[in-house]
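The following report describes a single protein chain. Please consult the sequence and the model alongside the text.

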Amino acid sequence: MADLAKYRQDIDRFNTSYAKAAIKEPVNFWGLAGFLVAAAYTGSVIPLLIALVFEAVYLVVVPMLPAYREMVNRREKERALAAHNAGREKLIKSFTPREREAVEYLRWVATKIQDDYKQFAGAREIPSNLKGLDQRWEDFVDLLDVYRRRKQHLKSINRTAVHNQLSQAFRAMESATDEKTKRIQQTNVEILKRRVASFDEIERSVKLVEGQLQSIENFFEYLKGEIVTISTPEKFSLLDFEQLSDSIAMTKQMLDATADEVGTLDSFNREMGNYELLPGTK
């Protein structure tokens, strides 16, 4: 029974991505084209019938081969990585010249640290922690994008005007002579209070991200200076990478927690026509 279940699972997999990938293979296309040319040249349907038989066998056998599946998976990972890198480079191009300069400088520092490690430690391969600098650089780009967008959000709001509206609404609520008017003004007061609280929350997150960006820059500079004094790979293990990784993870959690406030501001900017402040725009 176990073999039967496994066989059914294999059949199900056959009907999905691997079979589709096999159909799109150039060798399959050119094979069918060859039979089509042969049929046209001979004026016979026999080459087409042979093509159908070969195609059926091909689509049954090839997607089931472990080596073929491994190749398809590897190609998919490479495609996803290329798309990821292309998206990041596109994001960097949307930054201001000063922001791009900071990003490119940090990328240069990361490469220099890795090169210097090989030179001064006499190692052919760099350790996993040092390879992680590429991820820390990507974290820097992501956080810088969040930082600039939230700064723009804050600039889009006239906080003084909101505070004035809150004071006026509060006075109107206090001076209301009937219950209906008082209830309306009370609702307005609560909405304005939430706007002020949202503003404060985003402002705190911006300051935290700003500090995190500085931490990443300082850590890279620290490594750049320390790496030239490392004479053996063992000394490199004494450097602490975990603290920065934990700090970045904590910052990202905070950003996730304040995403609702940003979403509220996105809705506000959309209503006000401030489309340049919305995510996905330059």
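## Glu138 and its surroundings

Apart from its neighbours within four places in sequence, Glu138 is in contact (heavy atoms within 4.5 Å) with His84, Asn85 and Arg88. Glu138 belongs to helix α8, where helices (H or I, at least four residues) and strands (E, at least two) are DSSP runs numbered from the N terminus. With a relative accessible area of 15%, Glu138 is buried; buried means under 20% relative accessible area, exposed over 50%, and partly exposed in between, with a 1.4 Å probe and protein chains only.

The model is predicted: local features need pLDDT of at least 70, side-chain atom pairs count only at pLDDT 80 or more, and totals for chains, interfaces and linings use all residues. Residues are numbered from 1 along each chain as its sequence is written, and side-chain values use heavy atoms, with hydrogens and water left out.

## The chain as a whole

The chain contains 13 helices and zero strands. Of its 282 residues, 32% are buried. Among contacts with a separation of 6 or more, 74% are between residues 24 or more positions apart.

## Helix α5

Helix α5 covers residues 66–93, and its 28 residues should span 40 Å at 1.5 Å a residue; the end C-alpha atoms are 41 Å apart, which agrees. The expected span is 1.5 Å times one less than the number of residues. Buried in α5 are Tyr68, Arg69, Val72, Arg88, Leu91 and Ile92.

## Packing of α6 and α8

Helix α6 (residues 97–121) packs against helix α8 (residues 133–155) at an angle of about 170 degrees, with the axes 10 Å apart. Axes are lines fitted to C-alpha atoms, for helices over the stretch in contact, and angles run from 0 to 180 degrees between N-to-C directions. The two helices are therefore roughly antiparallel, a term for angles over 145 degrees.

On the α6 side, the contact includes Glu99, Ala102, Val103 and Leu106; on the α8 side, Trp137, Phe140 and Val141 are among the residues involved. By class, the contact has ten nonpolar, one polar and four charged residues. Ala, Val, Leu, Ile, Met, Phe, Trp, Tyr, Cys and Pro count as nonpolar, Asp, Glu, Lys and Arg as charged, and the others, Gly among them, as polar.

## The two sides of α12

In helix α12 (residues 242–257), Leu244, Ile248, Thr251, Met254 and Leu255 are buried. Seen down the axis of α12, these buried residues fall within an arc of 120 degrees, so they line one face of the helix; the arc is that of the directions from the helix axis to the C-beta atoms. On the other side of α12, Asp246, Gln253, Asp256 and Ala257 are exposed.

Methods. Angles under 35 degrees count as roughly parallel, over 145 as roughly antiparallel, 65 to 115 as roughly perpendicular and the rest as oblique.
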